[in-house]
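Please walk me through this structure.

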Amino acid sequence: MIPIELLIAQTINGLVYASILFLVSSGLTMIYGIMNILNLAHGSLYMLGAYFAITIIMKLAGGSPWGYLAAFILAPTAVMAVGAAIEVGLLKPIYGKPEEYQLLLTFGLILIFDEVVKLIWGPAYINFPNPGRFLGSIEVAGFEFPVYRLLLIALGFSVAWLLWFLLSKTTLGKKMRAAAADREIVSALGVSVPLLFTGAFMLGSFLSGLGGVAAGPLYTASPGMGIDIIVNSFAVIVIGGMGSILGALVGSLIVGLTRAYAIVIYPAIELALVYLIMVIVLLVRPVGLFGKPEEVRR
Amino acid sequence: MKPEISVVDLRKYFGEVKAVDGVSLEVNPKSIVSIIGPNGAGKTTLLNLVSGLIKPDSGRVYFRGRDVTGWSPAKLVKLGLARCFQISNVYDTLTVLDNVRAALHSVRRAAFSLKSTYYSIQSVNEKAKEVLELFNLWDKREKTPTELSHGDRKLLDIAISYALAPKAMLLDEPTAGMSIREKRRTVDVIKMLRDKLGVTVMLVEHDLDVVYEISDEVIVMHEGKVIARGKPEEIKRVQAVREVYLGE
Amino acid sequence: MKAKPAVILLCIAALAALPKAAGRHYTYVTAEALLLGLVAVSFNILFGYTGLLSFGHATFWGTGAYTVAVLMVKFSKPFPLALAASLLTSLAAALAIGYLSVRHTKIYFAMLTLAFGELFYAVAVKWRFLGGSDGIYGIPKPTGSLISYYYVVLAGVAASLAIMWWITQTPLGLTLRAVKDNPMRAEYIGISVKRARLASFVVSGVFAGVAGALYAPLAGAVSPEFFSWTKSAEIVFVTLFGGAVSFIGPTIGALIYDYMRHLAMGMTEHWMLIVGSLLVATVLLFPQGVVGAAQAAWRKVRR
């Protein structure tokens with residue numbers, strides 16, 4: 001039997017990882033849902049978030065608590081700017097071309113970003129202290145809960161709620177979803193679809209960068225972290241259903257918790273298990289748990 | 001006479017929209033049956049249901065006496081049911097000749113063959129020539145469909161389906177967007193399918209002149225239901241048809 | 001495009017004469033490039049001919065290479081037996097992964113194949129029997145010397161390309177092009193699109209396995225990186241760069257790429273930056289690749 005302490009610790013770890021996965025995969029799935037673009041370099045934006053945070057926290061703020069606070073705002077904003085440049089400069093020219101092109105182009109971006117990170121920050125893993133030391137932990141029923149981790153879990157769920165609110169309760173969100181359904185009708189209504197696309201892409205980039213800032217101090221930063229998270233995010237959105245925010249949340253929880261438990265029960269199959277779940281979901285329900293089946297009309 | 005195609009109480013709803021709502025009909029062998037009706041009447045959905053592209057919510061489809069409800073298009077083709085599309089559905093990157101060859105390989109169960117090159121099978125080449133000559137496309141065999149006129153593309157679509165040696169063909173708006181001359185040619189082709197080649201034809205068409213000229217029977221659909229059926233001259237006289245269809 | 005026998009014979013003769021003229025290093029580089037070319041052509045059966053973009057094609061390259069490594073190093077079996085076994089293992093892997101993947105297309109297909117590649121990678125890293133993250137080394141060259149093994153590689157690549165070329169010329173080849181061009185029409189001429197895609201996947205996977213199997217003794221070692229997404233990316237890249245529009249395009253891409261890599265690696269360690277930029281530029285500026293661009297230029301000149 002697994003001791004209860006370990007079980008609780010792994011549940012917390014699993015939820016933290018799920019939170020970070022959600023920050024990344026919600027943007028990925030939203031961009032796909034609205035723009036029909038699968039940005040393979042979405043994980044690279046997460047990586048950039050982590051590295052920007054390193055520079056802000058360690059170089060500019062000397063490791064002070066304010067550095068962390070600044071990083072959580074500035075790093076995702078910088079990533080958002082990078083995202084805007086990608087969408088406007090590289091993706092706009094290939095809208096309407098075969099889907100393979102966007103996959104190949106964003107694949108090229110992964111290679112570029114990995115090398116750029118190696119050029120600027122070096123190829124080695126960078127360990128930087130996580131802000132947990134400023135926040136301490138709280139005790140509930142005899143168990144210690146690190147505050148930083150609890151905050152990250154809260155962040156994940158808050159973002160989930162905010163996204164749901166944005167997409168289903170605000171006019172902007174309704175326009176975005178309408179754009180996903182029918183571009184021509186939306187532009188006929190006087191909404192600028194290109195602007196909407198850029199906006200959605202920037203929001204997704206911001207969230208991915210935010211995930212990177214949160215993850216950097218926890219898991220160390222390395223040039224391979226982008227591809228690691230993107231592959232896991234694929235699993236998440238495939239399990240949850242592409243284009244569905246709720247699906248991304250549930251998928252993140254499934255993947256996050258599965259990995260956390262598997263690593264203490266049988267570490268060798270930790271990663272394999274995630275792909276196994278993904279394959280099973282695809283076989284039983286190809287559109288994912290919360291995806292909408294498409295049907296040929298008329 | 002046993003009907004070649006029969007449809008019994010077929011239903012297909014898309015959410016609130018009752019695209020096909022309890023349609024029953026029969027198509028006799030070697031006859032031409034046209035389905036008319038305003039846009040959104042459910043005509044194309046009906047063709048999609050009969051040809052296996054989508055599955056009905058309820059009801060049955062029979063083809064040559066067999067219950068084929070829910071069969072895939074590929075399986076239906078093997079039983080002798082071919083179909084053409086509203087927007088001509090051909091292989092744009094293959095030559096006209098290869099468009100027909102691919103169909104001939106398939107119907108000869110040689111689509112996966114590795115025994116010879118695809119362009120050196122004598123019997124396929126002879127049959128391809130015969131089909132293309134029948135549709136006046138032999139001279140254009142080395143062109144790709146993108147280089148053809150709209151009318152020729154639609155003819156190629158029909159030629160591909162005809163190469164499958166079908167017992168019945170479903171045509172979706174065969175004359176849409178055609179010039180008067182192209183329409184004339186297509187009308188002759190469809191008549192030829194029935195009269196010389198013995199193919200049963202079920203088609204959806206907007207041009208009433210075409211419909212009245214070629215059809216043995218006309219079926220009028222409105223909001224997913226059949227509201228009238230009969231010989232062309234009978235349909236011309238039905239007041240209800242004029243109301244829904246011509247807006248009179 | 002019809003093959004010109006004289007050009008082909010000339011190429012083979014030039015490649016056969018190469019070790020005499022170019023020395024050991026470039027003999028090695030050429031052998032490596034030829035195998036990369038082979039795996040890229042096999043990938044292009046799936047991508048260029050059938051319209052399915054796999055991001056996990058290294059799975060089969062790795063499967064072939066590991067099969068040879070395990071049998072030759074751990075069980076001391078002779079190379080011909082190991083090569084034959086690699087045909088079976090890559091066939092089995094391609095059948096299983098293909099069966100699960102071809103029911104999807106486009107993005108789902110790309111992601112599934114990527115996930116399977118990562119799955120194999122994870123297994124190779126974690127499984128001690130396969131050497132873990134160190135991989136397996138000390139794979140002997142079956143013919144003893146590099147030069148003699150180069151001819152084994154050359155023969156293997158030539159034979160594999162010939163078989164794949166034949167496949168593209170058969171009714172199956174036409175069927176695959178039809179499925180790529182218009183899957184719905186293909187279904188409506190009675191072709192089972194799924195079966196056609198699976199056939200393509202298996203052909204593609206098996207020859208990728210052969211390429212990997214031939215590569216293992218050349219490199220002398222295998223590692224989990226053989227399964228990695230970077231290897232898959234490399235395969236996708238050389239195919240697109242060379243030109244997915246022609247049968248031989250990917251090998252041209254592979255030759256240019258591998259020579260450039262060996263030159264550039266001496267100068268910079270950030271080689272992948274160049275690859276990434278070239279990939280982006282290829283997509284934006286000349287999506288038909290080197291061969292496609294050359295063909296277009298040739299047609300202009302002739303007019």
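The C-alpha centres of domain 1 and domain 2 of chain B lie 26 Å apart. Domain 1 covers residues 1-80 and 167-248, and domain 2 covers 90-165. These bounds come from an automatic or database domain assignment. The model is predicted: local features need pLDDT of at least 70, side-chain atom pairs count only at pLDDT 80 or more, and totals for chains, interfaces and linings use all residues. Residues are numbered from 1 along each chain as its sequence is written, chains are lettered from A and ligands numbered from 1 in the order in which they are written, and side-chain values use heavy atoms, with hydrogens and water left out.

Start with the contact between the two domains of chain B. Domain 1 of chain B brings 18 residues to it, and domain 2 of chain B brings 15. Contact here means heavy atoms within 4.5 Å. The size of an interface is often given as the accessible area lost when the parts come together. Domain 1 and domain 2 of chain B bury about 1,300 Å² between them, with 67% of it on carbon and sulfur atoms. Buried area is the accessible area (1.4 Å probe) that two parts lose on being put together, summed over both. In domain 1 of chain B, the residues that lose the most area to domain 2 are Met169(B), Arg185(B) and Val189(B), together 30% of what that side buries.

Arg185(B) also forms a salt bridge with Asp152(B), and their closest N and O atoms are 3.2 Å apart. A salt bridge is a side-chain nitrogen of Lys or Arg within 4 Å of a carboxyl oxygen of Asp or Glu. The rule finds one salt bridge across this interface of domain 1 and domain 2 of chain B. On the domain 1 side, H2, strand S7 (168-172) and helix H6 (180-195) of chain B each supply at least two residues. Helices (H or I, at least four residues) and strands (E, at least two) are DSSP runs, numbered from the N terminus. H6(B) gives the largest share of that side, six residues.

Now turn to chain B and chain C. How many residues does each chain bring to the contact? Chain B gives 38 residues and chain C gives 25 residues. The area buried between chain B and chain C is about 2,700 Å², and carbon and sulfur atoms give 62% of it. Tyr91(B), Phe112(B) and Tyr118(B) supply 26% of the area that chain B buries against chain C, more than any other three residues.

One salt bridge crosses the interface of chain B and chain C. Asp157(B) pairs with Arg185(C) in a salt bridge, with the closest N and O atoms 2.5 Å apart. Helix H2 (73-79), helix H3 (96-107) and helix H5 (150-163) of chain B each supply at least two residues of the side that touches chain C. H3(B) gives the most to that side, with six residues.

Last, look inside chain A. Ser208(A) lies in helix H9 (residues 193-219) of chain A. Is Ser208(A) buried or exposed? Ser208(A) counts as buried because its relative accessibility is 0%. Buried means under 20% relative accessible area, exposed over 50%, and partly exposed in between (1.4 Å probe, protein chains only). The side chain of Ser208(A) reaches the backbone oxygen of His42(A) at 2.9 Å. Beyond its neighbours within four places in sequence, Ser208(A) is in contact with residues including Leu23(A), Val24(A) and His42(A).

Definitions and conventions: A polar contact is a pair of N or O atoms within 3.5 Å; within protein, one must be able to donate a hydrogen and the other to accept it, and residues adjacent in sequence count only if both atoms are side-chain atoms.
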